[in-house]
Amino acid sequence: MSKADKKADKNELRDTIVVIIEALLIALVFRTFLYQPFSIPTASMQQTLMIGDYFVASKFTWGYGKYAFPIPLPFNGRIMANDPNRGDVAVFRNEISNEDYIKRVVGLPGDRIQVRGGILHINGMPVEREQVGTAQDTDSFSQTIPVTVYRETLPNGVSYLIQEISDNGPLDNTAEYLVPAGHFFMMGDNRDRSQDSRVLSAVGYVSGDNLIGKAEARFFSIQDNIAPWKIWEWPANVRWDRMFRSVYQ
């Protein structure tokens, strides 16, 4: 091999490495500042988000807190901050368990939140709830139980489906919670299978500093939480009808 050929090979290798580094940097910037992908491992947000759903959350909608970055940064507050609205689906860091959670925002700072007989109350007023049917709900332990499906409509008009096993479960009758300033009250749509802000010792009020992003759209969905790289299992298990759709539809 001539010196010219060796030099050409070195230049080609260098160019390949540069392209790979550039691609990784672009992906890192996209994930940090624009959209981050997540998957759903538990049943707490069914039917809105099913076990095996993959979705993206927008990072810029509510600004950037310390947990918006790949490695949490040592600062408080949010850069370019905007607050969630009632009914938004939020990804946030639960500092108690040090895990990322996804729940629906039902309470804003200063709100009084209570559940009575399975019905959500905000500032003393019951939230509208209409029964729309029944279903079978399967959790991450493959335990299937019948549930009642309701359409819940918040005071700001945001409407979505929730599920209840019954209206007399452990979290169906609670004390009244007063949401502190700078915090939000989160609940799962699968009300009797969700550990959320109703459990103060496990989740509690969520600081705005801990928001990571607003859930936006599903881009993949597969039954039984099968790993997406198992392409040979796609034909029988991919939920095509859930892909490329807003989580608010």
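**Side-chain interactions in a predicted model**

Aspartate 139 and arginine 193 are both buried. They belong to a predicted model, and their side chains form a salt bridge in which the closest N and O atoms are 3.5 Å apart. The points below cover salt bridges, aromatic rings and nonpolar cores.

**Salt bridges**

- Side chains of opposite charge can pair when their charged atoms come close.
- Over the whole structure, the search returns 15 salt bridges.
- One of them joins the side chains of aspartate 88 and lysine 214, with an N to O distance of 3.8 Å. Distant parts of the chain are linked by this pair: aspartate 88 is in the loop between strand 2 (53-58) and strand 3 (89-94), while lysine 214 is in strand 14 (residues 211-221), 126 residues apart. Aspartate 88 and lysine 214 are both buried.
- Arginine 129 and aspartate 167 form another salt bridge, where the closest N and O atoms are 2.9 Å apart. Arginine 129 is in strand 8 (residues 128-138) and aspartate 167 is in the loop between strand 10 (159-164) and strand 11 (177-178), so parts 38 residues apart in sequence are tied together.
- Aspartate 167 has 26% relative accessibility and therefore counts as partly exposed. Arginine 129, with a relative accessible area of 22%, is partly exposed.
- A network of salt bridges links Asp53, Arg239 and Arg242.

**Aromatic rings and charges over rings**

- A pair of aromatic rings is described by the distance of the centres and the angle of the planes.
- The count of aromatic pairs is 11. In the pair of tyrosine 177 and tyrosine 205, the ring centres are 6.5 Å apart and the planes are at 80°, so the arrangement is edge-to-face. Because tyrosine 177 lies in strand 11 and tyrosine 205 in the loop between strand 12 and strand 13, the pair ties together parts 28 residues apart in sequence.
- Why does tyrosine 177 count as buried? Its relative accessibility is 8%, and buried means under 20%.
- Tyrosine 205 has 25% relative accessibility and so counts as partly exposed.
- One aromatic cluster is formed by Tyr54, Phe219, Phe220 and Trp234.
- Arginine 104 has its charged end over the ring of tyrosine 160, 3.8 Å from the ring centre.
- Arginine 129, the salt-bridge partner of aspartate 167, also has its charged end over a ring, that of tyrosine 150, at 3.8 Å from the centre.

- In soluble globular proteins, nonpolar side chains tend to be buried together.
- The largest nonpolar core contains 14 residues, and those with the most contacts inside it are Val106, Ile113, Leu120, Ile122, Leu154, Phe185 and Met187. Strand 5 (112-116), strand 6 (119-122), strand 10 and strand 12 each give two or more residues to this core.
- Which residues does isoleucine 113 contact, leaving aside neighbours within four places in sequence? They are Val106, Gly107, Leu120, His121, Ile122, Ala175, Glu176, Tyr177, Val179 and Phe185.

Definitions and conventions. Residues numbered from 1 in each chain as written. Predicted model: local features only at pLDDT ≥ 70, side-chain atom pairs only at ≥ 80, totals over all residues. Heavy atoms only, no water. Salt bridge = Lys/Arg side-chain N within 4 Å of Asp/Glu carboxyl O. Helix = DSSP H or I, 4+ residues; strand = E, 2+ residues; numbered from the N terminus. Buried < 20%, exposed > 50% of the residue type's maximum accessible area, 1.4 Å probe, protein only. Phe/Tyr/Trp six-rings, centres within 6.5 Å; stacked < 30°, edge-to-face > 60°. Lys NZ or Arg CZ within 6 Å of the ring centre and 35° of its normal. Core = buried A, V, L, I, M, F, W, Y, C linked by side-chain atoms within 4.5 Å. Contact = heavy atoms within 4.5 Å.
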